[in-house]
Amino acid sequence: MGTWGAEEVAAAVSGGWIAEPKREMRGATIDSREVEDGNIFFALRGENTDGHRFLQDAADRGAGAVVIEDRTYAAFGGQLRGCGVLLVDDVRAALHAMALAWRARLHGRVIGVTGSNGKTSTVRMIDAAISGDPDATPRLRGSRSVRSYNNDLGVPLTLLNAAEEDDYVVCEIGMSGPGEIAPLAHLAWPDAVVITSIGRAHLEAFGSIGRIAVEKASILSGLSSDGIAFVCDGVPDLDAHIDDVYGDVEVVRFGLGRRARPRIISIGPGERGARFVFDDGADFESPLPGDHNALNAAAAVAVARWVGVPDASIRAGLARAETPPMRLEPAEVVVPGGVALLINDAYNANPESVLAAMEMLATGRLDPPGAARRRRVALLGEMLELGGEAEAAHREIGARVAGLEGIDALWCVGPSAGVATGAAQLAGFGGELRDFPGATEPALTELGGGVRAGDVVLIKGSRGVRLERFVELLRAAGRTRSAAG
């Protein structure tokens, strides 16, 4: 990772040194607990905390400098033992300015990824596909967004913590409301962008799928002059907007549609995830099951091929790709009479991602390989941020579950739980239906008591519902039973 000089940093952020640094400066963080040697600590102020309170902690952990905006903390300049103190007008603006300056120094390709579903998984698959076979020579080296660092703090941190000599950086770019993606795209200044999908996430803020498509497509506005876009094929609102507004951008479409090149002609189960075959005869496997994950892996293949990675190395990379937590994450728990399998997909939920997960459950793609037919239980938490479409969306989910053969129980929690179970009942669902108005601990505990040995339980809900607590409760109960036994 490259280093910064004191004059470079001050010029980049339009700041003044109260105390000049005595250490080399490299990388950045906004959390003093994550400071690594030489990091620049940006003392951000938020609703619940103030980074200025942790200047000493950052210095003790080896920070090269701290960036502050509150002059009352200027006295720390003589107390931080070699750690520089830089005063700026606005710490958040300084973080962005420094990221923009560092972006200009990066030698490798920057790849921006957005979409309504699968951003984090796709970022990890692109990283794995490009880095490829660990034994290959030469091998491309780079970095990616950690966790879901996709907002106006996460994107600059991803850039600032990339090594100057990296061959590539994969940067997740997200949104929660209108007008957020374009500024982040202009900050990242990507050489390539990926749009994974368009769905009804954040519908409350946008009002329509069409407006979501326009916002997602705005990532193309930040492309470098010879940049390229990889776009999931077959989304009418997205296709039309890109054709109308970004007609001069090279667009490569991936997926199952007629404009995709190469086009996926078949998807089926693989050893670990979903195996898919292109119309050029090449086959690959995603690290996660499901058709939607095959599409995201196809995006990773397209990007890696563009970079110049051979197919054999791409396959090796995808085979060792790390999957993010709470995305189809399996967990075995002890229940009376044996063990149940929980599939924790509780990171987030919108109608499209829920329907994809329900189809996987119904068709047995979440069952343990080679196991006899299990009872399949869908535990669905409230889908949030859908605005006026919330009731219709939950009704849609209930009716669709009823139409999927293979789901034996539908348990719903949240204010719209009764809407989903009621729709399932009206549509003729013959399995067990249970609903609770809130995802309280007593409700989750009661549902946990209904899990039987051998069950496969899919857990899916919006982030605000925090359904991962169901896994924690069952694990705790299992430990208690084991100890009692």
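Me: What does it take for a charge to sit over a ring?
Reply: For Arg, CZ must be within 6 Å of the ring centre and within 35 degrees of the ring normal. This is a predicted model.

Me: What makes Arg327 count as lying over the face of Tyr347?
Reply: Arg327 is at 3.6 Å from the ring centre of Tyr347. The distance cut-off is within 6 Å. Arg327 therefore lies over the face of that ring.

Me: Which ring does the charged end of Arg105 sit over?
Reply: The ring of Trp4, with the charged end 5.2 Å from its centre. The limit here is again 6 Å.

Me: Why is the pair of Trp4 and Trp102 called tilted?
Reply: Their ring centres are 5.3 Å apart. Rings pair if their centres lie within 6.5 Å, so these two form a pair. Their planes stand at 35°. Stacked needs under 30 degrees and edge-to-face needs over 60, so this pair is tilted. By this rule there are five aromatic pairs.

Me: What parts of the chain does the pair of Trp4 and Trp102 link?
Reply: Distant ones. Trp4 is in the segment before α1 (6-13), and Trp102 is in helix α3 (residues 91-103). They are 98 residues apart. Both are buried.

Me: Which residues form one aromatic cluster?
Reply: Phe276, Phe278 and Phe284.

Me: Why is Ser131 counted as buried?
Reply: Its relative accessibility is 7%. Buried means under 20%, so Ser131 qualifies. Ser131 is found in helix α4 (residues 119-131).

Me: How do you know that Ser131 makes a polar contact with Arg320?
Reply: The contact joins their side chains at 2.8 Å. The cut-off for a pair of N or O atoms is within 3.5 Å. Leaving aside neighbours within four places in sequence, Ser131 is in contact with Arg139, Leu140, Tyr168 and Arg320.

Me: Why is strand β20 called largely enclosed?
Reply: β20 spans residues 456-460, and five of its five residues are buried, so the rest of the structure largely encloses the strand.

Me: What covers the count on each face of β20?
Reply: Val456, Leu458 and Lys460 are buried on one side. Val457 and Ile459 are buried on the other. In a regular strand, side chains alternate between the two faces of the sheet.

Me: How do you know that β16 and β20 pair?
Reply: Strand β16 (residues 338-345) and β20 share five bridges, in the parallel sense. Pairing needs at least two bridges. Asn344 has Ile459 of β20 as its bridge partner.

Me: What joins β17 to β20?
Reply: Five bridges, with strand β17 (residues 376-381) running parallel to β20. Arg376 stands opposite Val456 in β20.

Key
Residues numbered from 1 in each chain as written. Predicted model: local features only at pLDDT ≥ 70, side-chain atom pairs only at ≥ 80, totals over all residues. Heavy atoms only, no water. Phe/Tyr/Trp six-rings, centres within 6.5 Å; stacked < 30°, edge-to-face > 60°. Helix = DSSP H or I, 4+ residues; strand = E, 2+ residues; numbered from the N terminus. Buried < 20%, exposed > 50% of the residue type's maximum accessible area, 1.4 Å probe, protein only. Polar contact = N/O pair within 3.5 Å; in protein donor to acceptor, adjacent residues only side chain to side chain. Contact = heavy atoms within 4.5 Å.
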